[in-house]
Amino acid sequence: MKSKVDIFVIQKVKEKRKELGISQRGMAEILGCSPSFIGQIESDKFDMKYSVHQLYVIAQEFECSPADFFPPLDTEL
């Protein structure tokens, strides 16, 4: 089951992905995985989530910090 932090991170990555005009297929190319894997991560129906390594690769590609995807420590989730 995805935790509230997992859901927050996935939503932040998805928002940034869309802001940059990157499709799920494009995200899959960045991570070297299938587009269906990205769909499963972004879906509430599956327990899939990004690994720390994948978040690092995404941050490099998006030219931001991996910390940009995480909630502030004082956030109640």
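**Entry 1: ground rules**

I worked with a predicted model, in which local features need pLDDT of at least 70 and side-chain atom pairs count only at pLDDT 80 or more, while totals for chains, interfaces and linings use all residues. Residues are numbered from 1 along each chain as its sequence is written, and side-chain values use heavy atoms, with hydrogens and water left out.

**Entry 2: helix α1**

I took helices to be DSSP runs of H or I with at least four residues, and strands to be runs of E with at least two, numbered from the N terminus. The 16 residues of α1 (residues 4-19) should span 22 Å, and the end C-alpha atoms are 22 Å apart, which agrees.

Next I asked which residues of α1 are buried. I used relative accessible area with a 1.4 Å probe and protein chains only: buried is under 20%, exposed is over 50%, and partly exposed is in between. The buried residues of α1 are Asp 6, Val 9, Ile 10, Val 13 and Arg 17. They lie on the same side of α1, because they cover an arc of only 95° around the axis. The arc is that of the directions from the helix axis to the C-beta atoms.

Just after α1, Gly 21 has a positive phi of about 75°.

**Entry 3: helix α3**

I repeated the search for α3, where the buried residues are Phe 37, Ile 38, Ile 41 and Glu 42. Their arc around the axis is only 130°, which puts them on the same side of α3. Among the elements that cover them are α1, α2 and α4.

**Entry 4: how the helices pack**

Two packed helices are described by the angle between their axes and the distance between the axes. Axes are lines fitted to C-alpha atoms, for helices over the stretch in contact, and angles run from 0 to 180 degrees between N-to-C directions. Angles under 35 degrees count as roughly parallel, over 145 as roughly antiparallel, 65 to 115 as roughly perpendicular and the rest as oblique.

At what angle do α1 and α4 pack? I read an angle of about 25°, with the axes 12 Å apart. That makes α1 roughly parallel to α4. Their crossing is left-handed; this term applies if the near helix is turned anticlockwise from the far one by less than a right angle, and right-handed applies if clockwise. Val 9, Val 13, Lys 16 and Arg 17 of α1 make the contact with Leu 55, Ile 58 and Phe 62 of α4.

For α2 and α4, I read an angle of about 110° and axes 10 Å apart. That makes α2 roughly perpendicular to α4, and the crossing is right-handed. Here Met 27, Ile 30 and Leu 31 of α2 touch Gln 54, Val 57, Ile 58, Glu 61 and Phe 62 of α4.

The angle between α2 and α3 is about 110°, with axes 8 Å apart. That makes α2 roughly perpendicular to α3. From α2, Gln 24, Arg 25, Met 27, Ala 28 and Leu 31 meet Pro 35, Ile 38, Gly 39 and Glu 42 of α3.

**Entry 5: single residues**

I then looked up Gln 54, which lies in helix α4. Gln 54 counts as buried, because its relative accessibility is 15%. Leaving aside neighbours within four places in sequence, Gln 54 contacts Leu 31, Phe 37 and Lys 49.

Tyr 56 is also found in helix α4. With a relative accessible area of 48%, Tyr 56 is partly exposed.

Leu 77 is placed in the segment after α4. At 44% relative accessible area, Leu 77 is partly exposed. Apart from neighbours within four places in sequence, Leu 77 is in contact with Lys 4, Val 5, Phe 8 and Pro 71.

How values were computed:
Expected span 1.5 Å × (residues − 1). Contact = heavy atoms within 4.5 Å.
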